[in-house]
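Me: I'd like to learn how to read a protein model feature by feature. Could you walk me through this one?

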Amino acid sequence: MATKLKDVNDWRSQPSPKWPEPELRGHRIPGYRYHSEDFWKQEWETMWTKVWLLVGRAPEIPEPGDYQMEEIGPESFLMVRQQDGSIRSFYNVCQHRGARLIFNDIGTVDSFTCPYHGWRWEIDGTLTFALDPEDFPEGDPCGKLTLEEVKCEEFAGFIWINMDPEAVTLKEYLGPIWDDWNAYGFDSWKRYQAMRVRAPINWKVVLDNFNESYHLPAVHPESDTSIEENYKWTQFDLSEEGHNRMIMKAGLPSNSLRDKNVPLLREPLISTLKAWGLDPAEFEGREYETREAIQQAKREVGKQKGYTHYENLRDDQLTDAYHYTIFPNFAVTAWADGFHFLRAIPHPTDPTKCIFDNWWYASQPEGETAPVFTAGGPVDRDAEVDLDVFDYGEKSLGFAIDQDMGVTAGQQLGFRSRGFNGVYLSGQERRIRRYHEVIDDYIEGRRPQKG
């Protein structure tokens, strides 16, 4: 397939514009931030209770009474589909004497009944039954008490909550991510991998790792076969709202291979070419033209294969890794057809531990039957994937994430050393510095949002 010239009048042929960047103040990021109980308490009270958190998946609770339960640190939340089709969120706690109402991750109810004294709460949070209502000196609690509600919005098919009653809207909070994600149509994408591991690392260790690509040559040396991992060809963006983006060219060998005596066309690039009707043999001697050829092939045949969302994506998005870190605890690599979901949830009491979610979502083109290739391997397209929960070391998280977890578990130990004097960051690691500055903004009572 001959490579066509790009239409410069088509916005899709242009690279994604840079985000307006805030000025960095500088931060040494000392080790105590990753293990201090006092610092953990500051984070919780001043930051976690003020930010928008991704906590559920809207299509998974389609009918009234369907709910999901999510634990974030010491809190537990219910997200419940209402009779009018909306979703509302409540703290998972009975207003009688503090018992938790639900311990299942997902389910369907007509109402929530407290397991302790049988009080019945409707899905809209109202109390409709309390035993012996005449025996309360303050009067019948029915009609007086409701479940404590939490701000709740839907976006990209996910459910987001904010414990702060005065919080800005989710759209204001996400800033430029809102428009970026709308193009993909994530609302209809389906989950094909769901691993949750109890990890011996602070939640920030996870986000630091996914806020830089500097570690790729050492930790993921095999990535150079189909991703340009060098910072000189990578776009790094910091948002004023506190979130970050990294755009890595993919669908071609890394420039680092040019002077090495190795084949330039290798897996998984060979399989990608074949999947889009391209003959790898035609690119012998012009291996760095594969990226644009794949983009062109996707443009020409994507729609007829059911990939209708390609019309809304830039050419670069058809091949490249658009990696986002959404403050405070969510990292995503968005591919044209895959959404690598990486979330770190703080442990309720121990700052040296977290819950780490390694999930994968994929688009649902009509008529497509080929397996979905996730970070953990291929999965049948019609598969229904349940959440798999385990302790770190019990089983594999997938080749690349195992590599990440191996080095970050050792890093957590190093943060306790009196010989560690704070980080010494490269320019390409400035997203880490920005992340910690935003944490400090919250602790000190400031907000990173514009205006």
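This is a predicted model: local features need pLDDT of at least 70, side-chain atom pairs count only at pLDDT 80 or more; totals for chains, interfaces and linings use all residues.

Me: Which residues is Ser76 in contact with, leaving aside its neighbours within four places in sequence?

Reply: The list runs to Met69, Glu70, Glu71, Phe90, Tyr91, Asn92 and Arg100.

Me: Okay, strands next. How should I think about the two faces of a strand?

Reply: The general idea is that side chains in a regular strand alternate between the two faces of the sheet. Now take strand 17 (residues 354–362). Cys354, Phe356, Asn358, Trp360 and Ala362 are on one side, Ile355, Asp357, Trp359 and Tyr361 are on the other, and all of these are buried. Since nine of the nine residues of strand 17 are buried, the strand is largely enclosed by the rest of the structure. For a number on one of them, Cys354 has a relative accessible area of 1%.

Me: Which strands pair with strand 17?

Reply: Strand 11 is one of them: it runs antiparallel to strand 17, and nine bridges join the two. Within that pairing, Ala194 has Trp359 as its bridge partner, and Ala199 has Cys354. Strand 16 also pairs with strand 17 in the antiparallel sense, over nine bridges. There, His340 stands opposite Trp360.

Me: And strand 11 itself, how many of its residues are buried?

Reply: Nine of the 10 residues in strand 11 (residues 190–199) are buried, so to speak "mostly covered". Strand 11 also pairs with strand 20 (residues 388–391), in parallel this time, through four bridges. Arg196 has Val389 as its bridge partner in strand 20.

Me: Now the aromatics. What do I look at when two rings sit together?

Reply: A pair of aromatic rings is described by the distance of the centres and the angle of the planes. A search of the whole structure finds 34 aromatic pairs. Take Trp48 and Trp203: their centres are 4.9 Å apart with 75° between the planes, which makes the pair edge-to-face.

Me: Which parts does that pair tie together?

Reply: Trp48 lies in the loop between helix 1 (37–46) and strand 1 (53–57), while Trp203 is in helix 4 (residues 203–209), so the pair ties together parts that are 155 residues apart in sequence. Trp48 is buried at a relative accessible area of 2%, and Trp203 is buried at 1%.

Me: What else does Trp48 touch, not counting residues up to four places away in sequence?

Reply: Besides Trp203, Trp48 touches Glu43, Leu53, Ile72, Met163, Pro328, Asn329, Ala344 and Pro346.

Me: Where do charged side chains sit over rings?

Reply: Arg57 lies over the face of Phe158, 4.3 Å from the ring centre. The charged end of Lys204 sits over the ring of Tyr34, 5.5 Å from the centre.

Me: How many disulfides does a search of the whole structure find?

Reply: In general, a disulfide is a covalent bond between the sulfur atoms of two cysteines. The search finds zero of them here. Take Cys94: its nearest cysteine sulfur is that of Cys114, 3.8 Å away, whereas the cut-off for a disulfide is 2.5 Å. Cys94 is buried, with a relative accessible area of 3%.

Me: Last one, helices. How do I read helix 7?

Reply: An α-helix has 3.6 residues a turn, so residues three or four places apart point the same way. Helix 7 (residues 290–301) has 12 residues and reaches 16 Å from its first C-alpha to its last, close to the 16 Å expected. Its buried residues are Thr290, Arg291, Ala293, Ile294, Gln295, Gln296, Ala297 and Lys298. Helix 6 (269–275) is included in what covers them.

Methods. Residues are numbered from 1 along each chain as its sequence is written. Side-chain values use heavy atoms; hydrogens and water are left out. The expected span of a helix is 1.5 Å times one less than its number of residues. Buried means under 20% relative accessible area, exposed over 50%, partly exposed in between (1.4 Å probe, protein chains only). Contact means heavy atoms within 4.5 Å. Rings of Phe, Tyr and Trp (its six-membered ring) pair if their centres lie within 6.5 Å; planes under 30 degrees apart count as stacked, over 60 as edge-to-face and the rest as tilted. A charge sits over a ring if NZ of Lys or CZ of Arg is within 6 Å of the ring centre and within 35 degrees of the ring normal. Two strands pair if DSSP finds at least two bridges between them.
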